[in-house]
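Hi,

Here is the structure I promised to pass on. Have a look at it first, and then read on for what turned up.

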Amino acid sequence: MMRPIIFCMAMIAFLFTQACQPKGKALPPMKTTVFGTLPDGRPVHQYTLENRSGASAQIIDYGAAVTSLKVPDRNGKLEDVVLGYDSLQGYVDGTSYFGAIVGRYGNRIGKGRFVLDGKEYQLTVNDGENHLHGGAVGFNKVLWEAMPPDSGEASLRLQVVSKDGEEGYPGTVTLRVTYTLTDKNELRIDYEGTTDRPPILNPTQHSYFNLSGAFDRPILDHLLMIEADGVTPVGAGLIPTGRITDVANTPMDFRKPMAIGTHIDDPDAQLALGKGYDHNWVLRGAAGRVRKAAELYEAGSGRMMTVFTDQPGLQFYSGNFLDGSAKGKNGIAYGHRSGLCLETQAFPDTPNKPQFPSVTLRPGQVYRQTTLYQFSTK
Ligand code: GLA
């Protein structure tokens with residue numbers, strides 16, 4: 001009795017999704033290839049998502065990393081706009097987090113230490129005396145489980161289970177990340193995390209963008225606008241002091257579009273600590289609701305990337321540690337500031353800064369994040 005009803009409802013839902021799709025174009029099927037083999041023999045797969053507009057994103061299940069993102073310039077020419085490697089070995093050996101999901105804690109925790117519910121935890125220290133991006137074996141260095149897409153869009157879902165105690169973190173965390181390449185040329189990233197014991201959780205996406213598509217060129221001519229009036233200034237080791245300061249009259253003022261190179265080498269104490277931009281901006285508007293966070297524009301190609309997120313903060317990292325030693329796609333050495341990251345997240349060192357928006361997840365709660373990188377031209 002129930003079955004025909006369920007079948008009819010499924011048919012109606014299917015016909016509705018078909019009717020909503022651009023006419024005459026079927027969604028290209030997702031391609032899967034073997035990208036490489038890990039030292040322990042496990043294969044790593046690469047998945048190609050293509051939308052109805054011809055844009056494509058490639059993602060590997062190692063580190064849930066975006067390995068390529070091809071979007072049109074103002075003449076419709078598709079080019080890759082994210083840094084990465086040609087082979088798995090690059091991702092296994094690399095120290096720059098190209099394209100990966102990082103965590104459990106994206107960004108830094110001072111001395112890798114924090115107190116949660118009265119108990120002190122010591123995380124792996126892997127960045128001077130601090131903890132960075134989840135530790136020695138963070139989410140970027142593990143094989144995720146890829147799951148079949150469940151929508152009418154070009155999407156891929158990946159899951160990682162991080163066990164209680166890994167890198168010093170309490171609680172077992174299951175994190176699902178769904179990448180969707182929409183027909184409007186948006187790469188949407190939806191995160192969903194659950195736990196069995198209170199941990200801290202603050203994952204982010206670590207793609208390096210260069211909208212010119214020419215990775216041998218620095219990103220200093222890109223115009224950047226950030227929807228923020230404040231930053232969280234840092235001290236030694238790039239750990240926030242805990243204060244929020246106004247961007248006005250500082251090199252951190254990206255309220256109007258400004259070429260990244262305009263002030264990057266100014267004699268400024270914050271820039272000196274970051275060796276350029278490597279700071280967290282306090283986004284306007286209430287966290288928890290997706291709103292515009294930033295705009296990045298490259299005049300040569302006409303490509304514009306608009307970032308939307310529901311996170312409180314945005315780490316803008318101008319690729320200061322790239323020094324030509326990483327040989328990337330097509331054998332290109334990634335030089336100083338040849339890519340930039342716009343990492344949507346909670347503020348750095350939140351577990352030690354009770355005044356910052358919380359990153360504690362409790363059993364029964366679901367961690368959620370939605371971030372979109374939307375591509376257009378002008
Ligand atoms: C983040 C950090 C930077 C650097 C890069 C990776 O963006 O803020 O300081 O560690 O990751 O090289």
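Before the numbers, one term: a pocket here is an open set of grid points, on a 1 Å grid over the protein atoms alone, with protein on both sides within 12 Å along at least five of seven lines. Its volume is the space filled by probe spheres set on the points. Also keep in mind that this is a predicted model.

With that in hand, the largest pocket has a volume of about 460 Å³. It is lined by 28 residues, and Thr95, Ser96, Tyr97, Tyr208 and Phe321 are the ones closest to its centre. Sorted by class, that lining has twelve polar, ten nonpolar and six charged residues.

So where does the ligand sit? The ligand is in the largest pocket. Around the ligand you will find Tyr97, Arg108, Leu132, His133, His206, Tyr208, Asp278, Gln315, Tyr317, Phe321 and Glu343. By class, this shell has five nonpolar residues, plus three polar and three charged ones.

- Asp278: an N or O atom of its side chain is 2.3 Å from a ligand oxygen.
- Glu343: a polar atom in its side chain lies 2.6 Å from an oxygen atom of the ligand.
- His133: here the distance from a polar side-chain atom to a ligand oxygen is 2.9 Å.

How much of the ligand does the protein bury? On its own the ligand exposes 310 Å², and 95% of that is buried by the protein.

Next, the second largest pocket. About 280 Å³ of space lies in it. Its lining is made up of 16 residues, with Gln311, Ser358, Val359, Tyr367 and Arg368 closest to the centre. Nine of the lining residues are nonpolar, five are polar and two are charged.

The largest cavity holds about 80 Å³ of space. It has 13 lining residues, and nearest its centre are Tyr91, Tyr97, Phe98, Asn140 and Lys141. That lining divides into seven nonpolar, five polar and one charged.

Lining it are Asn107, Arg108, Thr232, Val234, Leu238, Pro240, Asp278, His279, Asn280, Gln315 and Pro348. Strand S20 (residues 278-283) gives the largest share of that lining, with three residues. By class there are five polar, four nonpolar and two charged residues.

Finally, two spots in the backbone to check. The peptide bond from Gly103 to Arg104 is cis, with omega near 15 degrees. Arg104 is in the loop between strand S6 (101-102) and strand S7 (108-109). The other spot is Ala64, which is not a glycine but has a positive phi, near 50 degrees. You will find Ala64 in the loop between strand S3 (56-60) and strand S4 (66-72).

Cheers

Conventions:
Residues are numbered from 1 along each chain as its sequence is written. This is a predicted model: local features need pLDDT of at least 70, side-chain atom pairs count only at pLDDT 80 or more; totals for chains, interfaces and linings use all residues. Side-chain values use heavy atoms; hydrogens and water are left out. A residue is near a molecule or strand if one of its heavy atoms lies within 4 Å of it. A polar contact is a pair of N or O atoms within 3.5 Å; within protein, one must be able to donate a hydrogen and the other to accept it, and residues adjacent in sequence count only if both atoms are side-chain atoms. Accessible areas come from the Shrake-Rupley method with a 1.4 Å probe; for residues, only the protein chains shown count as cover. On a 1 Å grid over the protein atoms alone, a cavity is a set of points where a 1.4 Å probe fits but cannot get out, and a pocket is an open set with protein on both sides within 12 Å along at least five of seven lines; lining residues have an atom within 4 Å of a point. A molecule sits in a cavity or pocket if more than half of its atoms lie within 2 Å of its grid points. Ala, Val, Leu, Ile, Met, Phe, Trp, Tyr, Cys and Pro count as nonpolar, Asp, Glu, Lys and Arg as charged, and the others, Gly among them, as polar. Helices (H or I, at least four residues) and strands (E, at least two) are DSSP runs, numbered from the N terminus.
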